[in-house]
Amino acid sequence: MADPILEVDDLRLHYLTRFGEKIHAVDGVTFELQKGEILGIAGESGCGKTTLVSGLLGLYIPPLHHTSGDVRIDGKSIIGMNVEQNREQVLGRQVAMIPQGALNSLNPTRKVKDLATDMILSHEQGLDKKVVYERLRERFGRVGLDAEHVLNSYPVALPAGTKQRVVIGISTLLNPKVVIADEPTSALDVSTQKAVVRLLFELMDQEIISSMLFITHELPLLRHVSSRIAVMYAGEFVELGTTEQVIFDGHQPYTRALMGSMLSAEPGQKTKRPVAIEGAPPNLKNPISGCRFAERCPVARLDCPSTKQVLRIVAGREVRCKYAESTAQTLGDMGASAP
Amino acid sequence: MTELKFEAKDLSRTFGHGKRQVTAVDRVTFSIKDREIVSLVGQSGCGKTVLAKMMLRLEAPSSGELKFDGRPIGAESDPRKHWRKVQAVFQDPFSAFNQFFTIRSQLKSSFTLFETKPSDKEMEERVDQALLAVNIKPKEVEGKFPFELSGGQMQRMLLARIFILRPQVLIADEPTSMVDACSRASILDYLMKLKEELSMTIVFVTHDIGLAYYVSDSIFIMHQGKIVEQGPPDQVTQSPSSDVTKQLLDDIPNVHRPWIERVA
């Protein structure tokens with residue numbers, strides 16, 4: 001178990017606005033990703049998921065700045081490099097990202113083989129183009145593509161599903177140690193979503209992908225994808241546990257609210273209405289002392305907005321809620337939905 | 001009330017010519033009753049948006065007929081007459097609003113669709129009411145531009161416009177797909193509110209049969225331009241007759257059911 005490939009240590013990131021204000025988008029995130037594991041990160045838009053991804057890639061492009069904390073891949077820190085060094089040593093090799101809009105992330109004016117060749121040549125200079133092409137053919141075949149045809153096509157000529165495979169194929173060309181999938185399926189219909197997840201599993205079985213972070217706002221999807229789930233809210237992890245613990249027995253009121261807002265087409269579920277989480281997450285400009293979810297929390301108590309919340313172990317998982325032990329009880333008494 | 005709002009008979013729409021001809025909607029026949037929420041469900045590219053656009057008079061049918069209130073759509077020379085009765089909510093609220101004007105002024109400008117504009121005071125009041133109807137305090141958006149709001153809030157602005165215009169029919173084309181999972185439920189609640197309070201007929205276009213099941217009175221399943229199955233939600237989801245429906249149901253990740261079998 002204790003064989004982490006990615007270690008994140010109290011990572012804090014901020015955006016610097018043009019008025020000189022700091023927005024603390026990621027505020028003290030600590031976790032480990034084990035070798036061969038899929039860790040899911042869930043949270044609503046604006047909770048800092050995508051900022052966290054930039055941080056994990058080591059891509060600090062203004063206005064994003066690194067405040068403090070460390071990210072280590074295979075024991076080596078990736079913090080403190082400039083963009084060029086980072087591109088050469090980290091991106092693609094150590095850690096790669098599968099972007100959200102996979103369908104629009106290919107340059108339409110260049111053939112797939114040129115895009116993929118660039119990826120290899122930017123890391124291994126001086127290779128013969130023929131050697132590279134052979135490698136591409138072999139790899140694209142393994143991703144389940146008609147390599148010859150796809151490599152010689154322009155992205156526009158390919159159907160959506162194929163494009164998705166191409167993007168995933170290019171992202172994983174250099175066998176990165178960690179793959180970060182940032183909402184890879186949120187723009188897709190349910191059937192294509194399933195195909196993409198299936199492809200990711202295939203690549204893991206073939207050991208092209210070894211460890212993965214899967215970021216999404218759909219908790220039910222993570223049920224089938226990841227072994228552990230971290231729930232993120234307003235720049236912090238609020239709960240981190242195994243998939244079963246988080247989905248069926250969340251101890252943070254936010255986790256419960258997130259589950260309650262999902263709906264499924266299970267027969268006989270029409271009576272169980274999904275409940276939206278009202279209100280908006282807090283502004284992260286000013287440091288927040290108390291619980292960040294208190295304002296929207298259905299079971300908040302008087303001292304919640306002013307008490308500092310720390311991550312602690314409750315029922316075998318990490319939870320950031322002072323009253324986590326009684327969450328299930330209180331919500332149950334109120335008749336709130338359990339999954 | 002069994003009055004029919006829409007009636008389609010052998011309705012088709014094709015694009016292109018000769019070899020490159022694509023049939024987006026292929027001889028569909030259906031009817032939509034008054035005050036009903038009908039969901040059009042299908043994968044991307046199955047023709048559901050083209051069908052919705054024909055109902056909105058944004059695309060003309062290639063063949064067959066499509067009637068609204070008993071008269072063929074397109075018989076009128078002025079499309080605005082159609083749009084006073086049939087309105088739409090689209091997928092991306094940011095592309096639906098002009099970035100250079102405040103939200104409030106754009107909501108107010110929707111009154112220009114009417115033949116006679118109400119007085120300025122009445123317009124302001126109706127904008128306020130519409131904002132309250134979608135649970136947004138008018139003060140929250142005062143002087144704000146579209147890019148200052150979140151996706152969920154902007155989608156509610158599009159719905160506020162519907163509360164202002166009060167059309168007879170609302171065509172909602174994937175209104176929830178750009179919205180966060182946790183605000184999705186509220187968008188669906190507003191659709192039901194429009195039906196109940198303003199007795200609107202709603203055509204809800206989606207790829208997620210789960211959402212369709214939750215809101216609709218009737219579900220049409222589309223595949224490759226054809227309607228392959230239609231019926232009440234319970235029947236469609238519990239005893240699906242078409243393989244397409246079974247596939248759609250099967251593809252939704254559900255916490256209580258295995259989804260992908262994995263060897264490793």
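Student: How many Å separate the centres of domain 1 and domain 2 of chain A?
Tutor: This is a predicted model, in which local features need pLDDT of at least 70, side-chain atom pairs count only at pLDDT 80 or more, and totals for chains, interfaces and linings use all residues. Residues are numbered from 1 along each chain as its sequence is written, while chains are lettered from A and ligands numbered from 1 in the order in which they are written. The domain assignment, whose bounds come from an automatic or database source, gives domain 1 (4-226) and domain 2 (232-333) in chain A. Taken over C-alpha atoms, their centres are separated by 28 Å.

Student: Which element gives the most to the side of domain 1 of chain A that touches domain 2 of chain A?
Tutor: Contact (C-beta atoms, placed from the backbone, within 7 Å) joins 21 residues of domain 1 of chain A to 16 residues of domain 2 of chain A. Strand E2 (22-34), strand E3 (38-42) and H8 of chain A each supply at least two residues of the domain 1 side; helices (H or I, at least four residues) and strands (E, at least two) are DSSP runs, numbered from the N terminus. With eight residues, the element that gives the most is E2(A).

Student: Which helix gives the most to the side of chain A that touches chain B?
Tutor: Here 34 residues of chain A are in contact with 32 residues of chain B. Helix H7 (190-205) and helix H8 (219-225) of chain A each supply at least two residues of the chain A side. The most, eight residues, comes from H7(A).

Student: How many residues of H6(A) are buried?
Tutor: A residue is buried if 20 or more other C-beta atoms, placed from the backbone, lie within 10 Å of its own. The buried residues of H6(A), including A:Val166 and A:Ile170, pack against strand E6 (95-98), helix H3 (112-121), helix H4 (129-142), helix H5 (147-151) and H7 of chain A. H6(A) is mostly covered, and of its twelve residues the number buried is ten.

Student: What is the radius of gyration of chain B?
Tutor: Along its principal axes, the C-alpha trace of chain B spans about 60 × 55 × 40 Å. The radius of gyration is taken over C-alpha atoms, and the globule rule is 2.2 Å times the number of residues to the power 0.38. For 264 residues a compact globule would have a value near 18 Å, and in agreement with this chain B has 19 Å.

Terms used
Two residues are in contact if their C-beta atoms, placed from the backbone, lie within 7 Å.
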